[in-house]
Amino acid sequence: MRFATLSFLHVYNRRMSQLKNILFITYFFESNDGVGALRSRSLLHFLKKRGFDVDIVKRSTFGSIGEKNFYLWTILCAFKVLFSKQKNVYVSCGPFNHLLFISLACFIRKKKLIVDFRDPWSINIKTGYGKPNAKINRFKVFISTVIERLVYRICTYFIVCTEGMKNYYQKLFGNDDKIKIIMNGYDFDIAEIEKYKDNNLKNNQLLKFVCLGKFAEYDEQKAHKVISKIKDIKNQGYSVHIYFVGTNREPTFSILKQYSLEDCSIFYPRMSYKEALKIAINCNIAILIIRNEEID
């Protein structure tokens, strides 16, 4: 009996050790990779804090050769999956072009695959990334859809970040047995940001608008509508300031000039989400462009 108990504990400990070993694949990870990389960094911090042994593979893992050539990086990732000791593989998407090869490597080695879609893939192609007059590449739609369905059959969990994405993929896959929702959030104490709030700046005739991230890059037509409304507000006698954080200067600045709002606008470079919120907390209204309101 004692031998059987010790044997059981040995097998149990070994299995738990395997469950806590994760190969963590995320092409975008560094702070200068944009706000999308924050999702992976937060998850990594969460796992390590809870005792998981995580081997991370990011854009710089294989040196300058892998950084310069995404397809070579993909091949090296697939080999990493095939020959690594980890039984659990997490992969963050996008980009998506490496997903098929990593999934097949997991299938061959019978590893548990967890896929995190922080952006939809096939639907973005199908809808022209939210642009109304975009030319749709039907071949890319077909390929992305086939790969998504195959990956869903292989994976243990298929993670999405919005209800709209879940509804779309539920229809595509025919069920939602493996689909889990993990929404985006933040990984810092919000009280740290509130310290920067200036309560003395309240002025009913001054309105401050803020955009965190891309703006007209997503859809110039929608950007025109937003800027036009801000112009209407200004014409009603309000003083307006517009702050763009991490937004590409063009084509947004060109639209601002058309409405004579360029002198009311300030562009900040990319910065951490935490630093960006220090600007946003002293603004009245947030503006953004949503490519697909049903999905995003």
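**Rings, charges and backbone**

I looked up tyrosine 71 and found it exposed, because its relative accessibility is 57%. My cut-offs: buried is under 20% relative accessible area, exposed is over 50%, and partly exposed is in between, with a 1.4 Å probe and protein chains only. I note that this is a predicted model, where local features need pLDDT of at least 70 and side-chain atom pairs pLDDT 80 or more, while totals for chains, interfaces and linings use all residues. Numbering runs from 1 along each chain as its sequence is written, and side-chain values use heavy atoms, without hydrogens and water.

Next I searched the whole structure for aromatic pairs and got 21. Phenylalanine 70 and tyrosine 71 make one of them, edge-to-face, at 5.8 Å centre to centre and 75° between the planes. I used rings of Phe, Tyr and Trp (its six-membered ring), paired if the centres lie within 6.5 Å; planes under 30 degrees apart are stacked, over 60 edge-to-face, the rest tilted. Phenylalanine 70 is buried, at 14% relative accessibility.

Then I checked phenylalanine 96 with phenylalanine 117. This pair is edge-to-face too, with centres 5.1 Å apart and 65° between the planes. Why does the pair tie together parts that are apart in sequence? Phenylalanine 96 lies in the loop between strand S3 (88-93) and helix H5 (99-109), and phenylalanine 117 lies in strand S4 (residues 112-117), so the pair links parts 21 residues apart in sequence. Helices (H or I, at least four residues) and strands (E, at least two) are DSSP runs, numbered from the N terminus. Both phenylalanine 96 and phenylalanine 117 are buried. They belong to one aromatic cluster, which also includes Trp121, Tyr152 and Phe158.

I went on to charges over rings. I required NZ of Lys or CZ of Arg within 6 Å of the ring centre and within 35 degrees of the ring normal. Lysine 20 has its charged end over the ring of phenylalanine 52, 5.2 Å from the centre. Arginine 249 does this over phenylalanine 253, at 4.2 Å.

Last, the backbone. Most residues other than glycine have a negative phi, and most peptide bonds are trans. I found a cis bond between glycine 94 and proline 95, omega about 5°. Proline 95 is in the loop between S3 and H5. Glutamate 250 to proline 251 is also cis, omega near 10°, and proline 251 is in helix H11 (residues 249-258). Lysine 110 has a positive phi, near 55°, and lies in the loop between H5 and S4. Lysine 110 is exposed, at 76% relative accessibility.
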